[in-house]
Amino acid sequence: MPFLVHKQAYKMIKKSILILLFALPFIGLSQNASEVTIDTLYREDQIYFGVTYNTLIDTPEAYTQTNFSPGFKAGFIRDFPINKKRNIAFGLGFGYALNTSAQNLKITPTVNGSFDYEFLSGQNYQKNRFSYQAIEIPFEFRWRTSTAQSNKFWRIYTGFKASYVIASRTFFKLNNETTIYKDLELNPWQYGLTLSAGYNNWNAFIYYGLNAIFETAYINQNPLEMKSLEVGLMFYIL
């Protein structure tokens, strides 16, 4: 009986070895095929979304930011590599943004269809903010350490972003009474410089506005030339 058991085990081992030897060429072919199918013309086309802390710059002395002012953005960027390693590229995208600014600038409509502006001081109001929604068109110069085999890499993306305002409103609350006005006198086109830098999905982001947010806004005949500054995080998903 022991001899019979050893003989059966020997046959099973022999059979396994023969199967392995038969399969080795196919394993090699499979590996070679995967190597051949590596995409040497890959792009870093990406869906992006970001969250930001918004503030205003070039503000008058009477201006104060009164609360946290968040921003949100999402969209898609098409990648255009310009070198053989494909780690340098241009990017052109399309997206959506919602930006909010909580501060002491009160905006109220006039009888002729325009708006009046005043800085509030010493008033015990609950909330005062304005917000706008925009279509974004980012254009980037992109450097990264990516390869065709890995999508985790360091990146530095610098560029220019233009935004077209599609909706805007102001929100004011005093003594539990709320007033909301829409279609503010914002510049229809907002534009500025951008910078994203980081590793993998996590990236620091900054936007520096180059033109004034308001198109026609005056206080005591002085134009309001406040610009937008956004600082936050940008996430890229392949």
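Which residues is Thr55 in contact with, leaving aside its neighbours within four places in sequence? In this predicted model, the residues in contact with Thr55 are Tyr63, Gln65, Lys227, Ser228 and Leu229.

## Thr55 and Gln65

Thr55 belongs to strand 1, which covers residues 46–57. One of its contacts, Gln65, is also a polar partner: the side chains of Thr55 and Gln65 are joined by a polar contact of 2.7 Å.

## The chain as a whole

The protein chain contains one helix and 13 strands. Read from the N terminus, the order of elements is α-β-β-β-β-β-β-β-β-β-β-β-β-β. The chain has 238 residues, and 38% of them are buried.

Contacts in the chain can also be sorted by sequence separation. Among those between residues at least 6 apart in sequence, 69% join residues at least 24 apart. The accessible surface of the chain is about 14400 Å², and carbon and sulfur atoms account for 62% of that surface.

## Pairing around strand 7

Strand 7 (residues 154–174) pairs with strand 6 (residues 127–144) in the antiparallel sense, over 18 bridges. Within this pairing, Phe141 has Thr158 of strand 7 as its bridge partner. Strand 7 is also joined to strand 9 (residues 189–199), again in an antiparallel arrangement, by 11 bridges. Here Trp154 has Tyr199 of strand 9 as its bridge partner.

A further antiparallel pairing links strand 7 to strand 8 (residues 177–182) through six bridges. Leu174 is bridged to Glu177 of strand 8. The hairpin formed by strand 7 and strand 8 has two residues between the strands, and Asn175 in this hairpin takes a positive phi near 55°.

Is Thr194 buried or exposed? With a relative accessible area of 11%, Thr194 is buried, since the cut-off for a buried residue is under 20%. Thr194 is found in strand 9.

Not counting residues up to four places away in sequence, Thr194 touches Tyr157, Thr158, Gly159, Phe160, Lys161, Phe205, Ile206 and Tyr207. For Gly159, the separation along the chain is 35 residues, while the C-alpha atoms of Thr194 and Gly159 are separated by 5.1 Å.

## The largest cavity

How many cavities of 30 Å³ or more does a search of the whole structure find? The search finds three. The largest cavity holds about 100 Å³ of space. Its lining is made up of Tyr48, Lys73, Ile77, Glu136, Pro138, Glu140, Lys161, Thr194, Ser196, Phe205, Met234 and Tyr236. Two or more of the lining residues come from each of strand 2 (70–81), strand 6, strand 9 and strand 13 (227–237).

Strand 6 gives the largest share of this lining, with three residues. Thr194, Lys161 and Phe205 are among the lining residues, and both Lys161 and Phe205 are also among the residues that Thr194 touches.

## Gln103 between strands 3 and 4

Gln103 is placed in the loop between strand 3 (88–102) and strand 4 (105–109). Although in a loop, Gln103 is buried, with a relative accessible area of 1%. The side chain of Gln103 reaches the backbone nitrogen of Leu105, at 2.7 Å.

Its neighbours within four places in sequence left aside, Gln103 is in contact with Tyr63, Thr64, Gln65, Thr66, Tyr125, Asn128, Arg129 and Phe130.

## Loop residues with positive phi

Where is Asp183 found? Asp183 is in the loop between strand 8 and strand 9. Asp183 is not a glycine, yet its phi is positive, at about 55°. With a relative accessible area of 62%, this residue is exposed, because the cut-off for an exposed residue is over 50%.

Gln221 lies in the loop between strand 11 (218–219) and strand 12 (222–223). The phi of Gln221 is near 65°, a positive value in a residue other than glycine. Gln221 counts as exposed, at 75% relative accessibility.

Terms used
Residues are numbered from 1 along each chain as its sequence is written. This is a predicted model: local features need pLDDT of at least 70, side-chain atom pairs count only at pLDDT 80 or more; totals for chains, interfaces and linings use all residues. Side-chain values use heavy atoms; hydrogens and water are left out. Two strands pair if DSSP finds at least two bridges between them. Helices (H or I, at least four residues) and strands (E, at least two) are DSSP runs, numbered from the N terminus. Buried means under 20% relative accessible area, exposed over 50%, partly exposed in between (1.4 Å probe, protein chains only). Contact means heavy atoms within 4.5 Å. Accessible areas come from the Shrake-Rupley method with a 1.4 Å probe; for residues, only the protein chains shown count as cover. A polar contact is a pair of N or O atoms within 3.5 Å; within protein, one must be able to donate a hydrogen and the other to accept it, and residues adjacent in sequence count only if both atoms are side-chain atoms. On a 1 Å grid over the protein atoms alone, a cavity is a set of points where a 1.4 Å probe fits but cannot get out, and a pocket is an open set with protein on both sides within 12 Å along at least five of seven lines; lining residues have an atom within 4 Å of a point. Grid points are joined across faces, edges and corners, and a volume is the space filled by probe spheres set on the points.
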